[in-house]
Amino acid sequence: MYNSIVMVKQVPDTANISGKVMKDDGTVNRAKLPAIFNHEDRVALELALQVKERYGGKVTAITMGPPRASDILRECLFMGADETYLISDRKFAGADTLATSYVLSEAIKKIGDYHFIFAGRQAIDGDTAQVGPQTAEKLNIPQITYTEEVIEAAGDKVRAKKKIDGGYEIVESKLPVLLTVLKDVVDPRPFSAKRVMTYKNAKSLMDLEKLTEENSLLYIDKLVHEYEERGLYIKTLTMDDLNLDVKRCGIKGSPTKVYKVESVVLGGGSQQIVEPTKAAIGELIDQLMSDHIFG
Amino acid sequence: MQMDFKNEVWVFIEQRDGNPADVSFELLCKGLKLSDAMKGKLKAIVIGDNVNEIVEQTFIYGADETIVIEHPSLKHYQTLPYSRILNELIKKHVPRIVLFGATVIGRDLAPRVASHTKSGLTADCTDLQISDVKYLKQDHHNLLLQIRPAFGGNIIATIITPDVPVQMATVREGVMELHPLDKPKKGKITKLPFTPDSMDDLVKIIEQHREDNKVNLKAAPIIVAGGYGLGTKENFKLVEELAHTIGGEVAGSRAAVDAGFVTPDRQVGQTGVTVRPKLYIAVGISGAIQHRAGMQESNKIIAINSDPDAPIFDVAHYGIVGNATEIIPAFIDVYKHKLK
């Protein structure tokens, strides 16, 4: 039996940025961007679910983010996660990868009882691929990055196939280990219709607090208890629930700072329009031949 | 906080089976400029087994000193011993800047080391500069500007690490140019001992497979690249056909790679390879900044796109507006005719 923790992230859909998203000063208006489940993290969840199916155990999905990130935790439940944690606090905002991995590693220490930690290799909003290795370092456990396949787990060891530059390696690691996974190694399973019916009403602490704001007859402690009883509570960890040094969290705990942001300035300018006709293309080819680029 | 720094620039020299990675030497060349700007020293860090040849080469690219850690158990890269060695060295000597190639190895190693030494780390930089910076009303002398496209390429961000001693960055292969010195530096070689640790063996390499016939886009004089705009894998074959006809290499944008039109080793751009060929033909590529970052220094650029407003036209020398499925066959036809 092996227990897995999966680190997932809600990301802005950077592939679908439209004009309205860019502010006049050239910065990005995050609130205007559609938020999606980072694809590689979904693949990571799939690998964790497969480990559970092969060997038994439990799959716990965790995310650090604003309250609306509970959306992707519900999706984790739809796919088959047993338990979810939202790690959310205003003091975590503006974190770079170092501050993020610090909070995640402390949350994982609190959750405990794991053999595997899975994560996508990178998130599409930053493409840094840093949070996985940095979390492993803070937990003082080994890491296997660029994982393509979990071959076999036995006793306190796992064999995995990982990508290297120009090929692949089979490695064997002692457990616990953190694995980051590549995007196209498996297709994440679709949502189970039954699980969607069950878990669409799952709620985090912040989701429930919103309900109490809308209806003064509801009490938060009672609501949390009720959702826990029904198995619909997305466990929520804030600053107060974790053993954290506030100086290492959020923007304060981030050594990297954004100094300047510029809109993209286009270069070039010597552009010449070539008509899409054979005659014009022929002239272009002649030009390239006389420049000794062709021929 | 103004600290007294030695202003050293370190470059991690990556080797695979005893062969140095090009990107490491490219970074030495950039590192030399950065260390000159700060009047500091450039140091190369070589970890492996029997690496004498690599050590000699570091001086051709400007290293003042090369730190060597050799041991049979360090022959192949492994996260735990390599990161432990760097952690200890960095904590002891506190370099101002440490650069890594943004390779599979560099992206495994750099974050682990940055986490342990609590350093700032910026991934996939497209430019690095030294500058005095005023940030939050404080003056900082000789900071590393870490420049990279961000947020889907809609902005260019300059990242700084003002409050910690060590600034780290990763850079993709081909982004920095290789300039061997006319005369190699008479650099110092410092060999340090390696003491194995019980944690080193937590992960063992059981098998390793590497294919040699690697695509070398950087060396190709002509590149024909296709994008998502081609729509189908079938249409992408036109790109291959054109490349074949004019003697070029096939490449693709990230979107084309994601769509499965072309393999990842042929991706041009910020998260792929940076190229500077004599001729770059971009077909059905809109020209997001991440792509342009990887090709805009090409000698001549031809853009073929059905959208006249596509940003790729802004960096192109020749623009053809129209449907690639008509233009490419016409191009091939005319070209073959001219050669006769």
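Domain bounds, as used in this tour, come from an automatic or database domain assignment. The structure is a predicted model, in which local features need pLDDT of at least 70, side-chain atom pairs count only at pLDDT 80 or more, and totals for chains, interfaces and linings use all residues. Residues are numbered from 1 along each chain as its sequence is written, with chains lettered from A and ligands numbered from 1 in the order in which they are written.

**The domains of chain B**

Select chain B and colour residues 9-202 as domain 1 and residues 217-339 as domain 2. The centres of these two domains of chain B, taken over C-alpha atoms, are separated by 33 Å. Nine residues of domain 1 of chain B are in contact (C-beta atoms, placed from the backbone, within 7 Å) with ten residues of domain 2 of chain B. The side that domain 1 of chain B presents to domain 2 has three nonpolar, three polar and three charged residues; here Ala, Val, Leu, Ile, Met, Phe, Trp, Tyr, Cys and Pro count as nonpolar, Asp, Glu, Lys and Arg as charged, and the others, Gly among them, as polar.

**A helix of chain B**

Next, select residues 104-117 of chain B, which form helix H4. Helices (H or I, at least four residues) and strands (E, at least two) are DSSP runs, numbered from the N terminus. H4(B) has 14 residues and reaches 21 Å from its first C-alpha to its last, close to the 20 Å expected at 1.5 Å a residue, the expected span being 1.5 Å times one less than the number of residues. Of the 14 residues of H4(B), 13 are buried (20 or more other C-beta atoms within 10 Å of their own, C-beta atoms being placed from the backbone). Just after H4(B), B:Lys118 takes a positive phi of about 50°.

**Between the chains**

Now display both chains: 64 residues of chain A are in contact with 71 residues of chain B. On the side of chain A that touches chain B, S9(A) gives the most, with eight residues. By class, this side of chain A has 29 nonpolar, 21 polar and 14 charged residues. Select S14(A) together with strand S18 (residues 318-321) of chain B; they pair (at least two DSSP bridges) in the parallel sense over two bridges. Within S18(B), B:Gly319 is the bridge partner of A:Ile273.

**Around A:Ala48**

Finally, select A:Ala48. Leaving aside its neighbours within four places in sequence, A:Ala48 is in contact with A:Ser4, A:Val6, A:Val59, A:Phe116 and A:Phe118.

Methods
Two residues are in contact if their C-beta atoms, placed from the backbone, lie within 7 Å. A residue is buried if 20 or more other C-beta atoms lie within 10 Å of its own, exposed if 12 or fewer, and partly exposed in between; C-beta atoms are placed from the backbone.
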